[in-house]
Amino acid sequence: MKTLIRTAATVAALATAAVACTSTTAGAPPKPRVSSLGAIRLVAYTGCDDLLSGLREHAAQRVTPWGFDNVLPFAAMEDSARSVTANAKTSTPEHSTTNVHETGVDEPDVVKTDGNRVITVKDGVLRIIDTATRKVTGSLKLTEGESGPGVPADLLVSGDRALVLMRGGDIMYKRMAFAPPGDTRYVLVDLSGKPKVLSTIKPQGSYVDARMVGSTVRLVTRSQPDIAFPEFKDDVSEAERVKRNQAAVHQAPADAWLPKIEITDASGTVKKDSVKCERISHPADYTGTSLLTVHTIDLAQGVTAAGTDPISLAADGDIVYGTGSSLYVASNPRWWMPVVISEPAVETPTTAPSSGDAAPAVEPTPTSPPVPDTPTPSPEPTIPPEETEVHRFDIGSPGAPSYVASGKVPGRLLNQYSLSEYDGHLRVATTLTSPDGKSSSSAVYVLKADTMAKTGEVGGLGEGERIYSVRFIGPVGYCVTFKQVDPLYTLDLRDAAAPKVTGELKITGYSAYLHPGAEGRLIGIGQEASEKGRTLGTQVSLFDVSDPAGPRRLSQLFQKDSGSAAEWDPHAFLYWPKTGLAVIPLTQQNESGGLVLKIDDSGVTKLGMIKHPAKDEYQAGIERALVIGDSIWTLSYDGFQVNDAATLAQQAWIPLR
């Protein structure tokens, strides 16, 4: 017969996230899901025996001939739209900050500034640059041997403490379940004098994402059970491989699942620990093949004797969204395809064997009919529904987060901007694609934040298209869908029970990132396209959204045959509201640099291009731009360049290699 095993397959986009939850009442039985959209309860394990039984049972169901079937999708690379604000202190120059999705919730990035210092990490080396002298005043190598180059890392900074988030040598490692997790490390650094390492945290698994409120950081990692599956010879059938792999799962101890952590202090003393069974929770439906762990670190206090206060959730996740008091983790549905496992047909001969056969003939009897020569037909595989689960955690108090509620919605999120908490509700924008992939439609769902039950929804957005960008600003939402033309929808979300579309603008091309401009204005970064949907180059649009029923485009700047990282990574987008200055990385056929714009109430104007020095006919692309005082600082792989914000004249070059 044939056995059908459902497996996940990754297909698409980029970047990261997921998290954990605390225990609920011990011994509370799981509650079934009430509907296809609504509240889902997470259930805590009562102890290691309960945990082991549940994880073994669920994980064994996800075994294939090659191990576990789950492969975490490439997350859509997290856009991080950030409202850029000026520092209120008079002792430091006015400066831009990392553009975050929500004000007051910082997100990791490759560069940070407090106006007086610029801190960056490249190739495993942390550097501090004094903004007055424009000199490197401190550096610290965080890697050993030759492992530095190419190691991706981000920063979070609070006062004189920096947390460096190192993800190993390849981004694939943190996204693919079958690849090594790499050398995931979180390094706490003292910046008050000569930079020095205060502690190093090595969690089991791969870094997913982090958020910081005040000086408290929540770090999310993903781990798989440490189970050694048997090795097979070529002649072992796939069905037998599944059987033996399931046996390996059923024999695995609880320790195989418990996420480990290793903390090294400044003196070199190493403390090893693992998440306790009682601090691991699970939703009603889960695979048992991965755990998400959230670690809590207050940078002001450092790593205390309690470690990082970790808690875990038996689930996957790929998108993290945070506010000042809530942390949301969404688990997007997996791309799916069936894998057919065939067993040889069992044949019963009905005639005498030839003289060379040793086996005797088996005559059929009325009570024992012959077995057919062909395999038994298998039922068609059932395609799992395309649904996204969202979990909410309360981070309003010090220490580990507490679980609040979970819900699910049909379809798939684009990125963290598909989520927005406002006035006691969570807005969720998704695209739902038909099983055959031939049709799609998008919708916005409104969930009550305390229960995650559905309050209202508005659908029918972009029939046959998918979401390219979303932005929620207070009680208003903006959604861009695209296939051949770009409908920009405006949404009225004031009545959570009855959200509605109030306006629509159809233009060619699309906006992949939306950023709030002046009052009644919306900035779009994306691609112009032909009427048939072929992309033509970078476009920056200014929309007038003061009339929700009649959005219109006031201005468009078009750069033919070009692209910008700001389309998929808004960390790369700089907007300085005080003067209307904007900078985006731009790559064209013969050059790359930072496109400098002025965006005012009426239009978008090109001011010029900032280019870094070329080396051996190679010109490093601009990755980030900052405003510090009256200067624009731009970062490339080779170094920082400082230019006058008014004239764009070069003022300094600070090499980093």
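# A guided tour of a predicted model

Begin by selecting D130, which stands opposite K135 of strand 10. Please bear in mind throughout that this is a predicted model.

Next, display the open sheet of 4 strands, whose order is 7-8-9-10 and whose pairing is antiparallel. In general, the strands of a sheet pair through backbone hydrogen bonds, in either a parallel or an antiparallel manner. Where are the edges of this sheet? They are strand 7 (111–113) and strand 10 (135–141), each of which pairs on one side only. When the sheet is turned in the viewer, its twist may be followed from one strand to the next; the average is 15°.

Is D209 buried or exposed? Its relative accessibility is 6%, so D209 counts as buried. Show the side chain of R211 as well: a polar contact of 3.0 Å joins it to the side chain of D209.

**The disulfide**

Select C48 and C277 next. A disulfide is a covalent bond between the sulfur atoms of two cysteines. The structure holds 1 disulfide, and it joins C48 to C277 with an S to S distance of 1.9 Å. The link of C48 and C277 is right-handed, with 85° about the S-S bond. Which parts of the chain does the pair tie together? C48 belongs to helix 1 (residues 48–60), while C277 sits in the loop between strand 18 (270–274) and strand 19 (280–283), so the bond connects parts that are 229 residues apart in sequence.

C48 counts as partly exposed because its relative accessibility is 37%, whereas C277, at 2%, counts as buried. Another cysteine to select is C479, which counts as buried because its relative accessibility is 1%.

**Aromatic rings**

The last stops concern aromatic side chains. How many aromatic pairs does the structure hold? There are 8 aromatic pairs. One of them is formed by Y321 and Y328: the ring centres are 5.7 Å apart and the planes lie at 20°, which is under 30 degrees, so this pair is stacked. Y321 is buried, with a relative accessible area of 0%, and Y328 likewise counts as buried at 0% relative accessibility.

Proceed to Y468 and Y510, an aromatic pair that is tilted, with 4.5 Å centre to centre and 50° between the planes. Y468 lies in strand 31 (residues 466–473) and Y510 in strand 35 (residues 510–516), so the pair ties together parts that are 42 residues apart in sequence. The relative accessible area of Y468 is 19%; Y468 is therefore buried, as the cut-off is under 20%. Y510 is buried too, with 10%.

R466 lies over the face of Y468, at 4.1 Å from the ring centre.

To finish the tour, select Y417, Y513 and F573, which form one aromatic cluster.

Technical notes
Residues are numbered from 1 along each chain as its sequence is written. This is a predicted model: local features need pLDDT of at least 70, side-chain atom pairs count only at pLDDT 80 or more; totals for chains, interfaces and linings use all residues. Side-chain values use heavy atoms; hydrogens and water are left out. A disulfide is a pair of cysteine sulfur atoms within 2.5 Å. Helices (H or I, at least four residues) and strands (E, at least two) are DSSP runs, numbered from the N terminus. Buried means under 20% relative accessible area, exposed over 50%, partly exposed in between (1.4 Å probe, protein chains only). Two strands pair if DSSP finds at least two bridges between them. Axes are lines fitted to C-alpha atoms, for helices over the stretch in contact, and angles run from 0 to 180 degrees between N-to-C directions. A polar contact is a pair of N or O atoms within 3.5 Å; within protein, one must be able to donate a hydrogen and the other to accept it, and residues adjacent in sequence count only if both atoms are side-chain atoms. Rings of Phe, Tyr and Trp (its six-membered ring) pair if their centres lie within 6.5 Å; planes under 30 degrees apart count as stacked, over 60 as edge-to-face and the rest as tilted. A charge sits over a ring if NZ of Lys or CZ of Arg is within 6 Å of the ring centre and within 35 degrees of the ring normal.
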